[in-house]
Amino acid sequence: MQLFYAILFFISFLLLSLMCLLFKRGNLKDKRLPPGSMGWPYIGETLKLYTQNPNTFFSTRQKGYGDIFKTHILGCPCVMISSPEAAKIVLVSQANLFKPTYPPSKEMMIGPEAIFFHQGDYHSRLKKLVQASFLPSAIRGSVSEIEKIVLRLVSSWENTTINTLNEMKKFAFDVAIISAFGGRSDLETEGIKHLYNCLEKGYNSMPLDLPGTPFRKAKKARKLLNERIKKMIKRRRESQKKGGGLLGVLLESKDHKFNNLSDSQVADNIIGVIFAAHDTTASVLTWILKYLHDNKEVLEAVTREQEKIRWAVKEENRGLRWDDTRRMPLTNRVCSFKFPQYWYIYDHCQTLHSDPPRTPHTKY
Ligand code: HEM
C-alpha cells in the first residue's frame, strides 16, 4: 500500500512539476521579495515543514534569511515574519492591507461558516456571541464543575509519569465543553472527545486525502462530529429552552431582520470554537507549568497562595467558589501572560515567546 502511495505521489509530483515549468509562477525573481526558498513546484516546502519539528523549520530559515523570509506552504506562497516590528505593521499600522485567511484544507476541516473565515457583519455578530460565552463572568456558575474536572485529573496522576501537554488538553477540552454546551451532559458530549482527537491529528497533518491518512480520518471524524452537533441542535430547537453555553447563545441569536443562525452556521462555530479554545489553552497552561517549574521562588509563592485557599475551603467543609478565584492575585498574574495584540499573528510564536532579549516581560 505504501509503495502504491509512493508511486502515486511521484507521478503526481512529476506532472505538477511539468505544469509549473510550463506556466511561469509569478515573478519570484523580484528583488523586493524577502529572501527564502519557495521549495519544489506546487508542494513548496510543505513536506519539509511536516517532516521535521516546526521549530527547527522556522529557526533554520530565520538563521539563514533573517526575521522575514518567504516560503511556500500548503499550496500558498507565504511570507513568514518573526520580528515584533514587522508583525506590528501587518497587524496594527497597516492592518487594512492584509486579510486573515487559512489554507483551504484547514477551512474545510473546521467548517466554512465558522467565525475564523469571515469578515464584516457576520464576523462581528459571531465575535460578540463567542466573547459573551467565554467571559469570566459567564463561567461563574461553573466553578464547582471545573473543580471536579481538576480533582479527577489530579487524582489520576498519582504514582505515574504524565505527559503535561496531554493532561492539559484533557483539562482544557472538558472546560471548553462546559463553555460550549453550558455543562457536561454525557448524553450530548459522549464520543465527541475521540472525534476531536482525530480532527486535531488531521488538521495538523499533511492534507493528503488518501485512505488511511490522518487527513482522511479527520474528514470522517468531522462528518460524524457534524452529525452529533446537528442532533443536539435539533433537540434544543425542538425543546422550549435553547439551553446554556455558546450553543444556547447561538441558537437564541437573531440578526437585525430577526433571522436565526442556520444549523450549519451554529455547528461550524461550535466545532470551531471548541477546537480554537482547547489546544491553545492547553499549550499556554503547559508553558505556565514549565516556567513555574523553572522559577522555584514564584512556584513557592503561588503554592502558598493556593494552600491558603485550600485550607479555607477544607476548614469550611465546602467546594471552591467564585469568590475564591478572585482571591488569587499572584496566580492570576502568572497565568496572564502579556500577549500584546501583535503576538497573535505568528505561526511560530513560540520562537518569539521564548526569546529573552525580545520578550523581557514574559519573565516573572
Ligand atoms: C491562550 C490561549 C489562546 C491562544 C494562544 C489563542 C490564539 C489565537 C490566534 C493566534 C487566533 C488567530 C487570530 C487571527 O487570525 O487574527 C485566535 C483566534 C480566535 N480564537 Fe483564540 N486563542 C486562545 C484561546 C482561545 C479561547 C479560550 C477561545 C474560546 C472562545 C478562543 C477563540 C478564538 C476565536 C473565536 C478566534 C477567531 C477570532 C476572530 O476571527 O475574530 N481562543 N486565537
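This is a predicted model: local features need pLDDT of at least 70, side-chain atom pairs count only at pLDDT 80 or more; totals for chains, interfaces and linings use all residues.
Reader: What percentage of the chain is helix over residues 215-242, and how far apart are the end C-alpha atoms?

Author: Strand accounts for 0% of the chain over residues 215-242. Helix accounts for 86% of this stretch, and its end C-alpha atoms are 34 Å apart.

Reader: At roughly what angle do the axes of helix H10 and helix H11 cross, and is the crossing left-handed or right-handed?

Author: Helix H10 covers residues 192-203 and helix H11 covers residues 214-238. Their axes come within 7 Å. The axes cross at roughly 140°, and the crossing is left-handed.

Reader: How many charged residues does the contact of H10 with H11 have?

Author: On the H10 side, the contact includes Leu195, Leu199 and Lys201. On the H11 side, it includes Lys217, Lys219, Arg222 and Arg228. By class, the contact has 11 nonpolar residues and 1 polar residue, and the charged residues number 5.

Reader: Are H12 and H13 roughly parallel or roughly antiparallel to each other?

Author: The axes of helix H12 (residues 245-252) and H13 come within 10 Å and cross at roughly 155°. An angle over 145 degrees counts as roughly antiparallel. Therefore H12 and H13 are roughly antiparallel.

Reader: Which residues of H13 meet H12?

Author: The contact of H12 with H13 has 7 nonpolar residues, 1 polar residue and no charged residues. From H12 come Leu246, Leu247, Leu250 and Leu251. The residues that they meet in H13 are Val266, Asn269, Ile270 and Val273.

Reader: How is H8 oriented relative to H13?

Author: Helix H8 (residues 164-181) packs against H13 at an angle of about 140°, with the axes 8 Å apart. Because of this angle, H8 is classed relative to H13 as oblique.

Reader: How many nonpolar residues are in the contact of H8 with H13?

Author: The crossing of H8 and H13 is right-handed. Among the residues making the contact are Leu165, Met168 and Phe173 of H8, together with Ile274, Ala277 and Leu285 of H13. The contact holds 5 polar and 2 charged residues, while the nonpolar residues number 14.

Reader: Which residues come nearest to the ligand?

Author: There are 13 residues around the ligand. By class, this shell divides into 10 nonpolar, 2 polar and 1 charged. Those that come nearest are Phe134, Ala276, Ala277, Thr280 and Val284.

Reader: Which element gives the most residues to the shell around the ligand?

Author: The elements that give two or more residues to this shell are helix H6 (120-134) and helix H13 (263-294). The element that gives the most, with 6 residues, is H13.

Conventions. Residues are numbered from 1 along each chain as its sequence is written. A residue is near a molecule or strand if its C-beta atom, placed from the backbone, lies within 6 Å of it. Helices (H or I, at least four residues) and strands (E, at least two) are DSSP runs, numbered from the N terminus. Ala, Val, Leu, Ile, Met, Phe, Trp, Tyr, Cys and Pro count as nonpolar, Asp, Glu, Lys and Arg as charged, and the others, Gly among them, as polar. Axes are lines fitted to C-alpha atoms, for helices over the stretch in contact, and angles run from 0 to 180 degrees between N-to-C directions. Angles under 35 degrees count as roughly parallel, over 145 as roughly antiparallel, 65 to 115 as roughly perpendicular and the rest as oblique. A crossing is left-handed if the near helix is turned anticlockwise from the far one by less than a right angle, and right-handed if clockwise. Two residues are in contact if their C-beta atoms, placed from the backbone, lie within 7 Å.
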